[in-house]
Amino acid sequence: MNDTTRATQWIGQSVERLEDPPLVTGRGRFAGDINFSRQLHMRIVRSNHAHGKILSIDTSAAKAVLGVVAVWTAADITDIGPIDFREGPIEKLAPYRQPVLATDKVRYVGDPVAAVFAEDPYVAEDAADLVTMEIEELPPLLDARDAPGEFSPGKDTEATVLYQGYGDVEAVFRDAPHIVELKLTSGRHSGVPLECRGALGRYDASRDQLELHGAAKVPHRNKELIARMLNRPPSSVNCFESHVGGGFGIRGEIYPEDILVCAAALKLERPVKWIEDRREHLIAANHSRNQHHHIRAACNDDGEILAIDDVIHHDNGAYVRTHATRVAMMTCGVLPGPYRVPGAYRAVCHFRLTNKTPAATYRAPGRFETTFVRERLVDAIAHQLNLDPIAVRKRNAVTVDEMPFKRPLEALGEEIHFDSGDYHKLLDQVLEYVEWDKLNADLAARRANGEMVGVGLVMFVEKAGLGPVDGVRIQVDTSGIVEVITGGASIGQGFETVMAQVAAETLGTDYKKMRVIHGQTDRIEHGIGAHASRATVMTASATREAALLVRAKALDVAAELLQAPVDTLDIVDGEVVRRDRPGGPSISLGKIAAALSNTSKTLGGRDPGLSADGYFHVEHQVYPYGNHLAVVKVDPDTGGVQVLRYVIGYDIGRAINPMLVKGQISGGFAQGLGGALLEEFTYNERGDPLAVTFADYLLPSLRETPDVEIILTQDYPSPLNPLGIKGAGESGINGVGGAIASAIDNAIGIPGAVTELPVTPQRLKAILDARLKGRIHG
Amino acid sequence: MTDKLDIILNLNGRDHSIRVEPRKTLVDAIREDCGLTGTHIGCEHGVCGACTVILDGETVRSCLMFAVQAQGKTIRTVEGLADGKTLHPLQRAFMAHHGLQCGFCTPGFLMLAANTLEQHPDIDDEELREVLSSNLCRCTGYQNVVKAVRAAADEMRNPAKNPAN
């Protein structure tokens, strides 16, 4: 099923991006750059209390402000239900969905309570300050490990308990020679794109069309969701994606504000624009990652992991949003990673709500957390059994002979089937690249000289290419420009360039003569979008299918026009030429398109247009894999951690554009670095968020971010798609927490010291101080 | 607060006559009243640098100034960086070295780097990293941003190598 060995012109080339010219000249079009005539500006009034009963809301002063057109509370939109799940109704979780505006209770600081609509954004903000509310405070629930409280009458805050597993866990643990046990916490952080969210609703009564502009990530899915929530036929709703200033999983989901601009556009009969500010973003857009794991492993003397038993408390914040339990369920399924775990496995996840910002997916959801947990566990096994940590990894990692490897656990509703790969080979490549023994000896020598330096390594398996199907329409216009109309989405990752490269390769044209369409629900009926590292695997494969059909049609027409057998023809630089007669007659794709116009005499019995629809179906996701290696230096006085060196080994199957793949990896790494050392949404005991500006929520700057050394291999193209693609988006972030934690342990000489991310200077200083006290008193 | 003032903003060599409230930030005036939306708003408290413009030869955060304070000064934004259709070496280098992904922070980085290289053409790597640490990017991990700025700096010092000349 693979055609990876053929020589290529565009696939595999690090060509410049089609996206860049408008973006470097200030001609991009982000949500905030879109304006419609007579638009209103929306400002949300948010709860300042983490938990409380709404006794009253007074909007009279706000309504009296000149320029204010309307002020809504929940009472004004009783016809609109809570934010629904993307994948459709889930009865058990339905009571935990977020109302568009808070009804009887507020459940986190930032919970939308009212919406002000005004002629000017400054006036909207002034008026929002005049909305007052009486709240009867209730005690906030802030730790998912605490006993559940009441969510609503008859419903407690443990929304559900999830389970994945196999085998007889009790029996394996009873008979195992060693049991290793750890308690670990992954902190609360999130994607935090540089562009805050934005949404514009517009209603065209003349055509009965409702439009959402500023859509991202999953526009086609959101069209369906908006239609469902506003009780409109889907054919009367369209979503439009423009430039998106970073996605990372959190941007582009349907939030209360998206529904409000749509509902207001309908009811107020004017376009409505909402642009989030940074404080709002940090308290209102999805958080992620916050989990507590109590994990045990049953092992043999040689470090073989026979069974794993994990009890997880997943802190989902105040509500269950569009993703439902996706992150928690994924956590349960992917935790074993590259390791065999032959005896038994059990993950029980208490999916709990707290009085904090609701949580959902962030780049590598469930994998950043579980790689940290799993690799901490492997390090602990090595330490407890006095084994080499690399040897323990090799003892447990699935081998190339076991591929494809099936495991009775699921990820995103599919049973996990590792499609291909040699985890041992890549690990050896990374170890050889860094000269592992020498590196360890050098670091040991530096430690002997009083420096706190150390190295850590993790193995991981990613997942990518979520199906089940993607479709692409390709049409060539009479000037020879090729339109590639996809149901995909671009969140800044280079989507247009990658699709253009694949289309150009197949068609025989210049990739720059492409116009790649994404995120426009009125241009193509079906689409899933850009998440789960699916765009290149699924949409590029569909692009290839459509391009093959267009190519066949072009050659068929050219054969007639050039009076030559089809098998003598090729397409070179957009011209159909005779392979057997270089310099002979040729015809351009534009002219072929003209010959296929609906009034053309050469059309014959064909359907008009040089165009075709191509679909690509898959049954399973693909599983790329890799290693992260960190070298760190700890400052014993401050607890600060400097990453001296970072190496990522990754087998991508096949890279369409290696420059973009490496860009994904280094960018993901920087985000992971934030989650490992800097970024944390903290709260005080009243549930007030303490990280509400970029001065409190610390994104890594260049100063903290070393260059990543990337070993990008293409040894195992996926057998599951014709191009062998495996996906790149989440590989750079996956192992950062785990690798840095391990390196810090090594640097400070305390195995298992790091049990919580992020390892802030305060946390690490406390660890170092505790050891010092132990020494003094011990 | 809502009494509006008539002011003139000079952006990229062109005067814009606008009427704004005294409290209107410079970035809002540039974007909304002058229609130049290349300057972006990332945090509104001066940390991220997406709104960086060059004002009388200094890089400033246009979210931390009022429009009225910029009257009588010359302001350069990303829209003025290219010379007609000829891109600035920094713009070309960001494309060649994949120094941008979503592109939201890019105008701020371009203006920060442009002003830095104009004033310190011989800046060394360490100083350059220090300067570029003042803006935030969430997509690239910075290494290609540094590569791009370094390449542009080299080209600007040796214009003979400029492929566009």
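Helices (H or I, at least four residues) and strands (E, at least two) are DSSP runs, numbered from the N terminus. The model is predicted: local features need pLDDT of at least 70, side-chain atom pairs count only at pLDDT 80 or more, and totals for chains, interfaces and linings use all residues. Residues are numbered from 1 along each chain as its sequence is written, with chains lettered from A and ligands numbered from 1 in the order in which they are written.

**View 1. B:L110 in helix α3 of chain B.** B:L110 is buried, with 30 other C-beta atoms within 10 Å. A residue counts as buried if 20 or more other C-beta atoms, placed from the backbone, lie within 10 Å of its own, as exposed if 12 or fewer do, and as partly exposed in between. Two residues are in contact if their C-beta atoms, placed from the backbone, lie within 7 Å. Leaving aside neighbours within four places in sequence, B:L110 is in contact with B:V78, B:L81, B:L90, B:Q91 and B:F94, and with A:V24 of the other chain. B:V53 is 57 residues from B:L110 in sequence, and their C-alpha atoms are 9.3 Å apart.

**View 2. The contact between chains A and B, with 44 residues from each chain.** On the chain B side, the elements that give two or more residues are α2 (89-96), α3 (106-119), α4 (125-132) and α5 (143-157). The largest share, four residues, comes from α2(B). By class, this side of chain B has 23 nonpolar, 16 polar and five charged residues. Ala, Val, Leu, Ile, Met, Phe, Trp, Tyr, Cys and Pro count as nonpolar, Asp, Glu, Lys and Arg as charged, and the others, Gly among them, as polar.

**View 3. Chain B, with five helices and five strands.** Along the sequence the pattern is β-β-α-β-β-β-α-α-α-α. The radius of gyration, taken over C-alpha atoms, is 16 Å, close to the 15 Å that the globule rule gives for 165 residues, so chain B is as compact as a globular protein of that length. That rule is 2.2 Å times the number of residues to the power 0.38. Buried residues make up 55% of the 165 residues in chain B.

**View 4. Helix α9 of chain A, residues 367-384.** This helix has 18 residues and reaches 25 Å from its first C-alpha to its last, close to the 26 Å expected. The expected span is 1.5 Å times one less than the number of residues. α9(A) is mostly covered, with 16 of its 18 residues buried. A:N386, which follows α9(A), has a positive phi near 55 degrees.
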